[in-house]
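Please read the following notes with the sequence and the coordinates open beside them. They take the ligand site, the salt bridges, the helix packing and the backbone in turn.

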Amino acid sequence: MNENKEIFLCAICNIESGTCNEDCKFCTQSVKYKADILRYKRKEIEQIVEEAKRARTNGANGFCLVTAGKGLDDKRLEFVCEAARAVKKENLGLILIACNGTATVPQIQALKEAGVDAYNHNLETAQDYYSQIVTTHTWEERYQTCLNVNEVGLRLVCGGIFGLGETQEQRVSMLESIASLNPMNVPLNFFHPNEALPIVENSVSREEAFELISLARKMIPNAMKIMVAGGRELMFGDEQYKIFEKGANAFVIGDYLTTAGRTPAEDIAELEKQGIKVIRERD
Ligand code: SF4
């Protein structure tokens, strides 16, 4: 039975998809790898609002506006702000998160003024492994964006991805770096292989993945949420609700960025069966 009986759900809204020129070896959104995914420039604002409403109905507490690309420029910033204002106007009670890559202090400030509550920027992997995974930008740029988020005073959502061939020491190093940023929410992703990508397999075993959740909880005790994000179904299979026994207290409901998740109805039915309560209101 689950020790940790109260959890949070978060939904992702891919408001721009598959248009990124960066070369992160784990990411199907990069145009370099030609993965067979849906690619589009801008989702309609009405559709974004509809998805936010549906996420709320499904029990989500957080709603994340995700763009594909290295970071914000003026046009993308205006689009995210427009989407944020439209969702906020509905007063759905959702924590609104933006996930738009590299961002400066003034850009993050503009998001805050548009109603964004939190900013998600993951460190992805260890500082000393990053150049083997990405060559088009640096780990230090990522870390700086997280510092910028803290400077503006938006809530920081910062995690990473396991299973890229990193060593155990590098996994610990990434968690130490995340802890140093004092994030509110730590999304843990597990690599989901795709035949188009240069990395061919997930290098984390299920047992290791459970241990990594426990380790993240131990190393980042102040995080309000340790969230299992991408790769949940593939990594944990029929043991996926055991993540809550290991210290996770949140997961992503519905589809991920480019892979389908369980349906919200399936997740909610299973959570109820296990006696796990979904917290909708607390932020
Ligand atoms: S992880 Fe982000 S920056 Fe890297 S390819 Fe994917 S969308 Fe682009």
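1. The shell around the ligand is made up, by class, of 4 nonpolar, 3 polar and 1 charged residues; in this scheme Ala, Val, Leu, Ile, Met, Phe, Trp, Tyr, Cys and Pro count as nonpolar, Asp, Glu, Lys and Arg as charged, and the others, Gly among them, as polar. The residues that surround the ligand are Cys20, Glu22, Cys24, Phe26, Cys27, Gln29, Ser30 and Gly69, where being near a molecule requires one heavy atom of the residue within 4 Å of it.

2. A word on the basis of these notes: this is a predicted model, in which local features need pLDDT of at least 70 and side-chain atom pairs count only at pLDDT 80 or more, while totals for chains, interfaces and linings use all residues. Residues are numbered from 1 along each chain as its sequence is written, and side-chain values use heavy atoms, with hydrogens and water left out.

3. How many salt bridges does a search of the whole structure find? The search gives 18, a salt bridge being a side-chain nitrogen of Lys or Arg within 4 Å of a carboxyl oxygen of Asp or Glu. One of them pairs Lys41 with Glu16, whose closest N and O atoms are 3.3 Å apart. Because Lys41 and Glu16 both lie in the loop between strand 1 (6–14) and helix 1 (45–57), the pair ties together parts that are 25 residues apart in sequence. Helices (H or I, at least four residues) and strands (E, at least two) are DSSP runs, numbered from the N terminus.

4. Glu16 and Arg76 are both buried, and salt bridges that share partners join Glu16, Lys41, Arg42 and Arg76 into one network.

5. A further salt bridge brings together the side chains of Glu51 and Lys43, at 2.9 Å from N to O. Both of these residues, Glu51 and Lys43, are buried.

6. Two packed helices are described by the angle between their axes and the distance between the axes. The axes of helix 1 and helix 2 come within 9 Å and cross at roughly 45°, which makes helix 1 oblique to helix 2. The axes are lines fitted to C-alpha atoms, for helices over the stretch in contact, and the angles run from 0 to 180 degrees between N-to-C directions; those under 35 degrees count as roughly parallel, over 145 as roughly antiparallel, 65 to 115 as roughly perpendicular and the rest as oblique. The crossing of helix 1 and helix 2 is right-handed, a term used if the near helix is turned clockwise from the far one by less than a right angle, and left-handed if anticlockwise.

7. Helix 2 and helix 3 (residues 105–113) have axes that come within 9 Å and cross at roughly 20°, so helix 2 is roughly parallel to helix 3; their crossing is right-handed. Helix 3 in turn packs against helix 5 at an angle of about 50°, with the axes 9 Å apart, and these two helices are therefore oblique to each other.

8. Two residues of helix 5 deserve a look. Arg142 lies in helix 5 (residues 139–152) and counts as buried at 10% relative accessibility; its C-alpha atom is separated by 6.5 Å from that of Thr102, 40 residues apart along the chain. Asn148, also in helix 5, is buried at 9%, and 7.6 Å separates its C-alpha atom from that of Ile108, 40 residues apart along the chain.

9. Please also check the backbone at Glu124, which has a positive phi of about 70° although it is not a glycine. Glu124 is placed in the loop between strand 4 (118–120) and helix 4 (130–133) and is buried, with a relative accessible area of 11%.

Key. Buried means under 20% relative accessible area, exposed over 50%, partly exposed in between (1.4 Å probe, protein chains only).
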